[in-house]
Amino acid sequence: MTTVPISNIRNFSIVAHIDHGKSTLADRLIQTTGGLQAREMKEQVLDSMDIERERGITIKAQTVRLNYHAKDGRDYIFNLMDTPGHVDFAYEVSRSLAACEGSLLVVDASQGVEAQTLANVYHALDAGHEIVPVLNKVDLPAAEPEQVRQQIEDVIGIDASDAVMISAKTGLGIDLVLEAIVHRLPPPQGDHDAPLKALLVDSWYDVYLGVVVLVRVVDGVMKKGQRIRMMGTNAAYDLERVGFFTPKMTQVDELGPGEIGFITAGIKEVADTRVGDTITDDRKPITDMLPGFKPAVPVVFCGLFPVDADDFETLRAAMGKLRLNDASFSFEMETSAALGFGFRCGFLGLLHLEIIQERLSREFDLNLIATAPSVIYKMHLTDGTELEIHNPIDMPDVVKIAEIQEPWIEATILTPDEYLGSVLKLCQDRRGNQKELTYVGSRAMVKYDLPLNEVVFDFYDRLKSVSKGYASFDYHLTDYKPADLVKMQILVNAEPVDALSMLVHRTRAEGRGRAMVEKMKELIPPHMFVIPIQAAIGGKIIARETVRALRKDVTAKCYGGDITRKRKLLEKQKEGKKKMRQFGKVDIPQEAFIAALKVDS
Amino acid sequence: MTRNDGDPAFGVYIHWPFCLSKCPYCDFNSHVRHVAIDQERYLRAFVREIETTAARTPGREVTSIFLGGGTPSLMQPSTVGGILDAIGKHWSIAADVEVSMEANPTSVEATRFRGYRAAGVNRVSLGVQALDDLSLKALGRLHTAQEAMEAVAIARSIFDRYSFDLIYARPHQTPAMWQAELQLAIAQAAEHLSLYQLTIEADTPFFGLHAAGKLQTPDEATARALYDVTQEVCAAQGLPSYEISNHARPGAECRHNLLYWRGQEYAGIGPGAHGRLDINGIRHAVATEKRPEAWLMRVEACGHGVVVDDRLNSEERADEFLLMGLRLAEGIDPTRYQALSGRALDPLRIAMLREEGAIMVDPNGRLRVTQSGFPLLDAVVADLAA
């Protein structure tokens, strides 16, 4: 099958904002080149997980090989790389892009460039890609292709004069895209006879095949039976299967230079494969690794606890299963006085956290409580030692701390002009420093330095709400800076609830504390006694609310006929109580934990 | 007179589903018909259903009968007589059987009281509801306060035992107003009073009015004050509460209602009647068709109107026991709860509720809700059952 010369291979990815039509275009390309019969087409075939399909977010890189007979009469092989599309997976994105030579930049002709598009197109430019701009949805009445073309030139600084006009939905212009891939994107380079050098692009766990590894061959060949070595982990494996996706798995004898495909080699866990690693021949190893290899490092942490304590083992098993497929997610056991047994988990970012949480509840039917997301703080102690902590419980005594440092990010936000004021206020409220404010037509682009701990705490939700969903957001970590942070505790009925403790900037503590106790007050049902709810720093109370005591709660009339109805009511109450945490004498509903951790001040 | 909660008891509840008009607060199974009710036909159906039910529960000795509704005092005495005869024919009847009947306190119905007594009724419960005409009108009642008091006097002259109902926590009612009304009521009551707080039930005209803000009921604090007044006044007058809303001179409690709260066995006869039957050691929750005409046709076709017959599992059984039993001043025997549910009540929850002063444990081991716990009973029960 792979009879075409390397000069007839084109490896490319599609860069786009969510909803701008990346998946639809991919589907259309697959369909047009005959990769799948119409009846096999599922909407958006590349996003295979439910969550991915619902949210339009790709978590794992995926590829598909297309055979294209071009107008010049020659046969071409296209490898379409679908990359993870979110800032949390920036490293994974950069590795997927490193496997290609070019990108299609898809921009919605009515929406224009978004923050995420920018971030990804810069990643593509960093990877040395040739970029072909594609304007999608040009058939819609609201389309303004000329303005958007100008915007691409102004904001991104690339030539968009020969942007391809398409409608992925109707199929308009798909043929032009295919020809542009042939003529405007470069072929890969590589030496067939050199020793094997291949990039480990991504990997995932398959119940039947074990770990499936997505590779890009740079030099040499990969064939069945060959013994390979992963240079980063220094582990050797015998290749069991070699092939590519059409998108169905198709085995071949070998993959040559410039080709993208998969291998299986009896690898047990995804954790044994590192995205960005270099694969070589165990017998004829090379010495120089491909550049850019980095191990995945979690930056956001939170505790996850089962609502029902009996689910702890199920949760452990579920996390183990997810980690099989996602080595960037880490967890270790944690005990909380309020929430019982659970796990402290590390994630690449907030979206990653949300996805894992959602998959745990959806795929494993688990009801979870998540504690406040935290970042990694550096503590310089007075005795000269340095500590990294991400759990408020681990915070040393304040008198022993010389200095606390927190991580900062640079955020890029694009917003329609009318919401700019609210967006700026939000960033200022979150201790942000404005770095840049420019205009792109009627859209403003602001760059802010922000502390990450203000961003992990519902920043994205707030941004969405103050901009009615129109603002887009992207960020990257910059450095650590000293910070005046304090540990704030919430006390319910005079007892601290460890799950609600958090490290917060001193200037933000009172507002946050007040918002949290107000929320708790709303959600803790009245008991037979008065319940004080307080926020405190050390011994100092900074906010206080009171849940009033029940005065009257009794069914007046209850006779024979009523029993069934009353029993059903009682069963409902019992069910509700199961969803509460008994904390001292107080029953706290799980919604109160969740809501308290979500409030904004 | 009142038996202990451990003594065997078997009650029969008879539901007469018709009223002359619907009261706007009532969510009971009652129906207004503008054609004459064929009482003889209904009587035959009642007799039929009694026969069928007795066949499922043979050998019981009936300790109490309750004729409720609807408005059972719309029945002719002969209809009541026929029903009671059927009960006596298919079960045996205890010598000291209590036969209660609900009645509207109107002059028309009072003329039938003597006939009911001749038929075997030995206790009446009158739906007086309020002692001022404005409130009665607002509650949709068809009688005046004067007429009601006359009916009470007639009942007193005919029956050894009688009771009447009042509804409190009515719109704009203050604790002082209620206290005065209650004093007046106690002067007319002999041994028993049922005092219900007005509850806004779904699917009633009051529910719609209340939701639209056109019917103001007292807030939680006022409701509590009204409840407290009720307890104080009644206790001082020798009518302590033996259940949340029921007051009696010691020994004069309504035995039939006690049987519900004690979790004992009873059969439900008539449209929309509920029963709890113990068959082969398993408690069945039984309910009949609610619509009178549909019930009638079912009974005529197959001998009974049962549409629900659920076997209660141990948890359901125990929940009902707790839910009902804690309504009583006498409380429950925790060992009986344990026997029913297979687990003991949580000692930690008990300790916490005792600390709050909501419950107490008697020297003989009975668990009782305290005077300060009763106004919060639903929360106490939910805590204990969880």
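Me: What does N11(A) touch, not counting residues up to four places away in sequence?
Reply: Leaving those neighbours out, N11(A) touches N79(A), A99(A), C100(A), E101(A), G102(A), P188(A), R216(A), G258(A) and I260(A). Contact here means heavy atoms within 4.5 Å. Bear in mind that this is a predicted model, where local features need pLDDT of at least 70, side-chain atom pairs count only at pLDDT 80 or more, and totals for chains, interfaces and linings use all residues. Residues are numbered from 1 along each chain as its sequence is written, chains are lettered from A and ligands numbered from 1 in the order in which they are written, and side-chain values use heavy atoms, with hydrogens and water left out.

Me: Why is N11(A) called buried?
Reply: The relative accessible area of N11(A) is 1%. Buried means under 20%, exposed means over 50%, and partly exposed is in between (1.4 Å probe, protein chains only), so N11(A) counts as buried. N11(A) lies in strand β1 of chain A; helices (H or I, at least four residues) and strands (E, at least two) are DSSP runs, numbered from the N terminus.

Me: Which label does H20(A) get, buried or exposed?
Reply: H20(A) has a relative accessible area of 2%, so buried is the word. H20(A) sits in the loop between β1 (9–16) and α1 (22–32) of chain A. Beyond four places in sequence, the residues that H20(A) touches include V106(A), V107(A), D108(A), N136(A) and K137(A).

Me: What makes D139(A) partly exposed?
Reply: Its relative accessibility is 41%, so D139(A) falls in the partly exposed class. D139(A) lies in the loop between β5 (130–136) and α5 (145–156) of chain A, and its contacts beyond four places in sequence are S167(A) and T170(A). The unreviewed UniProt entry has a "binding site" annotation whose residues include H20(A), N136(A) and D139(A); such annotations may be inferred rather than shown by experiment.

Me: Why do β2(A) and β6(A) stand at the edges of the sheet?
Reply: The open sheet has six strands in the order β2-β3-β1-β4-β5-β6 (chain A), with mixed pairing. β2 (62–69) and β6 (164–165) each have a single partner strand, so one side of each has no neighbour in the sheet. Helix α1(A) packs on this sheet, touching β1, β2, β3 (75–82) and β4 of chain A.

Me: How do you know that β4(A) pairs with β5(A)?
Reply: Two strands pair if DSSP finds at least two bridges between them. Seven bridges join β4 (residues 102–108) to β5(A), and the two run parallel.

Conventions:
Axes are lines fitted to C-alpha atoms, for helices over the stretch in contact, and angles run from 0 to 180 degrees between N-to-C directions.
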